[in-house]
Structure formats: C-alpha cells, structure tokens
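Have the structure open as you read.

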Amino acid sequence: MNCSISGEVPEEPVVSKKSGLLYEKRLIERHISDFGKCPITGEPLTMDDIVPIKTGKIVKPRPVQAASIPGMLGMFQIEWDGLMLSNFALEQQLNTARQELSHALYQHDAACRVIARLKKERDEARSLLAQAERQVPMSASTAVTVNASALSNGKRAAEDDEMGPEGKKIRPGISSDIIAELTDCNAKLSQQRKKRQIPPTLAPIDAVERYTQLNSYPLHRTNKPGILAVDIHYSKDIVATAGVDTNAIVFDRPSGEIVATLSGHSKKVTSVKFVAQGEQIVTGSADKTVRVWKESENGNYDCRHILKDHTAEVQAVTVHATNNYFVTASLDNTWCFYELSTGLCLTQVADASSSEGYTSAAFHPDGLILGTGTSGALVKIWDVKSQANVARFDGHVGAVTAISFSENGYFLATAAQDGVKLWDLRKLRNFRTFAPYDENTPTQSVEFDHSGSYLALGGSDIRVYQVANVKSEWNCIKTIPDLSGTGKVTSVKFGPDAKYLAVGSMDRNLRIFGLPGDDDGQMES
C-alpha cells in the first residue's frame with residue numbers, strides 16, 4: 001500500500017481514523033502542524049486521529065535503472081535535462097519581466113512629459129488670461145456701451161464693433177464673475193446628479209421596442225424640403241425645427257398646431273435651441289449669422305439680436321445650463337461664447353493648431369466643458385473657463401456631424417461618416433463603436449435621452465440602444481425605418497421621459513414615433 005501524499009511505500013505507515021487513508025508518518029505530521037486538516041478530504045485532523053500501523057521491516061529494492069552503471073548514467077542525464085529546461089524557462093520569464101518593466105518605464109516617462117507639457121500650457125493660458133483681464137476692463141465697458149447704443153429694434157449692428165490693431169474685433173473676455181457663476185452652477189448640478197435617480201415615469205424597454213409612427217406633420221416648404229435640427233422644450237412639450245427653407249418652426253405637439261414661424265435668415269437654418277422656459281430661442285444659419293428670438297405677448301417670436309461674429313456657416317448652437325450664456329460653432333474654425341441678455345460675444349476662440357471648421361458642438365451637463373466636432377474628423381474638448389483645448393479624440397472618418405453628452409457626465413457620443421463612437425471621459429478613450437451603415441451612408445445624428453438610459457442615432461434609419469457601462473454590451477432595442485423615403489435622417493430627439501421620438505429628415509415632415517395610446521389622443525397620421 002502507498003502513502004496518499006507521496007505515492008510511495010511508507011517507512012512508518014499511519015492511518016487516519018476519520019478517512020481510513022494511509023500516510024507516511026513524518027509527512028502527515030508536518031501537514032497537520034501546518035494546516036490542521038486532512039490533505040485529501042479537507043476535514044479537520046489532529047495527531048490524536050492518527051493510528052500507527054505495525055508492519056514487518058521493509059527492504060526497498062533498488063530501482064531497475066540503479067542496478068547498472070548505464071542505468072544510473074541515464075537517470076543522471078534525465079535529471080540534467082530537467083534542470084536545463086527549468087533554467088531555460090526561468091531565463092525566459094526573466095526576459096519577459098525585463099521587457100514589461102522597460103515598457104512600463106517608457107509609459108511613465110511619456111506620461112511625465114505629457115503632464116509637463118499640459119502644465120506649461122495651463123500656466124501660459126492662465127498668464128494670458130490674467131493679462132487679458134488686466135487690459136480688457138476698460139475696453140469691455142466701452143464695448144458694452146457701444147453695443148447698447150447700436151441696438152436698433154432689437155438687432156445688434158455687428159459692423160460697429162471696435163476693432164483691434166490687427167483688424168480683429170475686441171472681445172471683453174469671460175470675467176471672473178461669470179467664471180464664478182459657471183463654477184457655482186457646476187457644483188450645484190454635480191451635487192444633484194449624485195442624488196438623481198432614473199424617474200419612474202421613464203418609458204420602459206418593452207415600450208420603446210413597440211414604438212411606431214404616431215404622426216407626420218408637414219411643417220416646412222415643399223420647394224426646399226429638409227429638417228436639419230430638432231429641439232424639444234420638455235415642460236411645455238413644444239418642438240422647434242430648423243429647415244432648409246430658411247425658417248425655424250415652433251410646433252405645439254399635443255395640439256398638433258404651429259405656434260410660430262421664425263423667418264429672417266437668408267440661408268438654411270442649421271441649428272435651433274430653446275432657452276430657459278421656452279420664451280427664447282437661438283438659431284444658427286448658413287448665412288453666417290446667429291439670431292436670438294424672444295416670445296412676445298401675442299405668442300409669436302420676435303428677433304432681438306442678430307449676431308454677425310462668424311465669417312462662415314454657423315453649424316451648431318448649444319445653451320449653457322445657467323440659461324444665461326450660449327456657444328456657437330462655425331466652419332470658420334472658431335467658437336463664440338455669448339451673453340444671452342445682451343447678445344454680446346464675450347470671447348471668440350480659434351484653434352491655431354488646425355484649420356478645420358467646426359461642424360457640431362455641445363455643452364457637458366455640468367457646463368464647464370465644451371465638446372466640438374470638426375470637419376477633419378476630430379473631436380475637441382475645451383475648458384470653458386480658460387478656453388483651453390484639454391483633450392482631443394481622433395479615429396473618426398469624415399466630419400463629426402453630431403455630439404452628445406450623457407446625463408451621467410461620463411460618456412460622450414459622437415457621430416460621423418463611419419458611425420458612432422462612445423468615449424469614456426474619465427479615461428479619455430474610445431470604448432465602443434457602432435457602424436450600423438455602409439461606408440457611403442453617414443450617421444447624421446446621435447442623442448442621449450435626458451435620463452441617460454437610451455441612445456438614439458439616425459442615418460438611413462433610426463436606431464435606439466440601451467445604455468450600459470464601459471464593459472457591458474449596448475444592445476440595439478429598436479430599429480425604425482426612415483419613412484421619408486430620402487434615406488437621410490438628419491436629427492433625432494427624445495421627448496420627455498423618452499415617451500416619444502421626434503425625427504427630422506430631408507423631407508418637409510416632422511415625424512413623431514411612440515407607443516400608440518401614450519400620445520394624448522393624437523393618433524392621426
């Protein structure tokens with residue numbers, strides 16, 4: 001009989017009372033002193049449970065290999081070969097460890113260089129900002145005075161702006177008071193987000209899976225069809241659309257009636273956004289201007305400011321969470337930060353490192369970060385307080401047509417010719433890519449819902465994904481065909497609590513997709 005541990009014939013055999021297994025005495029004693037349990041069954045075991053077995057004197061025969069000199073030489077050769085193989089494996093592990101250590105040191109060195117460069121850029125930006133704040137106060141007050149005198153019938157005469165020595169317009173800059181306001185708003189929203197929960201009224205997944213077209217409203221002209229942007233004011237449930245026909249339409253969804261038509265742009269309207277409680281609207285156009293509209297007593301919207309600070313098409317408008325400021329992005333490779341009440345351009349930021357214009361823009365939910373997409377397939381992240389470019393994401397193909405931050409503040413979705421990419425803002429990396437269409441079909445729109453639970457994208461159709469985390473799969477829960485017949489869905493926007501989807505295409509109709517019976521009685525198509 002052999003020892004249960006060594007597999008050899010024991011010299012001092014003992015047996016366990018509990019398991020009945022045979023052991024070599026010295027081996028089981030050492031195991032019990034170290035672990036206090038049976039090495040085979042794992043049950044608790046003490047020396048009192050071990051019973052010695054008396055046997056006759058065993059004379060171990062010599063192994064066959066040790067019976068002759070050639071056999072012993074063979075044994076030595078086998079042991080030598082095993083030693084060499086073990087030594088070779090150890091050398092391989094050592095070389096691998098050295099390579100990993102070298103790679104880690106290289107990454108550490110590269111990170112140190114990047115950090116040093118960023119600190120240098122930050123210090124330079126701070127010094128420039130401090131210098132500008134020292135030089136600008138007088139110019140700012142003068143510019144405000146000139147701007148106020150230039151207001152005529154609610155429209156700002158941009159040609160009367162003061163010009164600097166190089167022919168550039170003088171900008172007052174973002175003052176310390178405004179920065180404090182933005183910082184306070186950021187702190188408040190960040191604190192609220194930690195306590196925020198998904199609302200119980202949010203449309204469940206099974207409801208989104210059954211969404212179908214509820215209504216189709218012909219809002220724009222037939223001779224110049226096309227809706228380029230859509231925005232929704234959640235509390236009033238009104239929709240604004242930006243059209244190729246140079247008009248923006250304000251539409252009351254529950255009643256199915258047009259509230260107002262905003263006419264004044266000379267070319268297509270590329271972007272439209274509600275401000276505050278819906279009493280103001282900001283529009284951007286290919287005619288290089290931005291207009292601020294305010295609701296009048298009769299329900300129409302009057303143009304209060306015409307902003308002519310850009311020299312190329314205005315592609316995007318985004319409103320800050322304070323509802324006191326907004327940003328415009330243009331193909332002239334600049335973005336402007338405006339004060340809403342006066343229509344004053346506080347700063348105009350140009351990126352000297354690239355010449356591509358901006359094709360999309362959006363504020364982070366907390367308001368201190370601005371995301372922009374360029375015609376050169378680049379996504380740039382800006383610090384609003386210092387107007388410094390703090391991060392860049394590449395990897396897209398074609399112009400970045402849309403950009404959307406998730407309400408949780410961690411995820412950024414960008415759309416381009418090659419589909420949609422999701423970025424983790426905590427680690428500044430791309431963690432997922434959706435390529436739903438072929439290489440000739442760009443993704444024109446991407447949008448998170450207000451709760452951050454769903455993601456919609458539009459191209460040749462509309463697709464809705466369930467938002468997950470970085471490691472989990474984002475499942476496509478609904479695919480809606482483009483019913484316009486154009487094959488170009490240009491804008492997708494979730495309604496309140498994701499109860500419906502407002503979709504704009506390259507025809508004249510605004511389409512509402514939702515669950516039949518949840519549309520407040522509006523069932524006609």
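Predicted model: local features only at pLDDT ≥ 70, side-chain atom pairs only at ≥ 80, totals over all residues.

## Ground rules

One cut-off first: a residue is called buried when its relative accessible area is under 20%, and exposed when that value is over 50%.

## Aromatic pairs

Searching the whole structure turns up 12 aromatic pairs. In one of them, the ring centres of F411 and F431 sit 5.3 Å apart with the planes at 45°, so the pair is tilted. This pair links distant parts of the chain: F411 belongs to strand β22 (residues 411-416) and F431 to strand β24 (residues 429-434), 20 residues apart. F431 is buried too, with a relative accessible area of 12%.

Now look at F434 and Y465. Their ring centres are 4.2 Å apart and their planes meet at 15°, so this pair is stacked. F434 lies in strand β24 and Y465 in strand β27 (residues 461-466), so the pair ties together parts that are 31 residues apart in sequence. Both F434 and Y465 are buried. Ring pairs also build a cluster out of F411, F431, F448 and W474.

## Helix α1

Which residues of helix α1 are buried? In this helix, which spans residues 25-35, they are I28, H31 and I32. Viewed down the axis of α1, the buried residues fall within an arc of 100°, so they line one face of the helix.

On the face turned away from the buried side you'll find the exposed residues R26, R30, S33 and D34. Just after α1 comes G36, with a positive phi of about 70°.

## An open four-stranded sheet

Next up is an open sheet of four strands, ordered β5-β6-β7-β8 and paired antiparallel. The edges are taken by β5 (227-233) and β8 (257-263), each with a single partner strand, so one side of each has no neighbour in the sheet. On average, neighbouring strands here are turned by 20° against each other, direction ignored.

Zoom in on β5 and β6 (residues 238-243): six bridges join these antiparallel strands. If you want a spot to check, A229 has A242 in β6 as its bridge partner.

## The β11-β12 hairpin

Strands β11 and β12 make a hairpin with five residues between them, and G299 in the turn has a positive phi of about 95°. Strand β11 (residues 290-295) runs antiparallel to β12, and six bridges join the two. Across the pairing, W293 stands opposite C303 in β12.

Is β12 mostly covered or mostly open? Strand β12 (residues 301-307) is mostly covered, with five of its seven residues buried.

## Cysteines

How many disulfides does the structure hold? The count is zero. For C38, the nearest cysteine sulfur is that of C3, 11 Å away. A disulfide here calls for two cysteine sulfurs within 2.5 Å, and C38 is in none.

As for accessibility, C38 counts as buried at 4%, whereas C112 is partly exposed, with a relative accessible area of 37%.

Methods:
Residues numbered from 1 in each chain as written. Heavy atoms only, no water. Pairing = 2+ DSSP bridges. Axes fitted to C-alpha atoms, helices over the stretch in contact; angles between N-to-C directions. Buried < 20%, exposed > 50% of the residue type's maximum accessible area, 1.4 Å probe, protein only. Arc of directions from axis to C-beta. Phe/Tyr/Trp six-rings, centres within 6.5 Å; stacked < 30°, edge-to-face > 60°.
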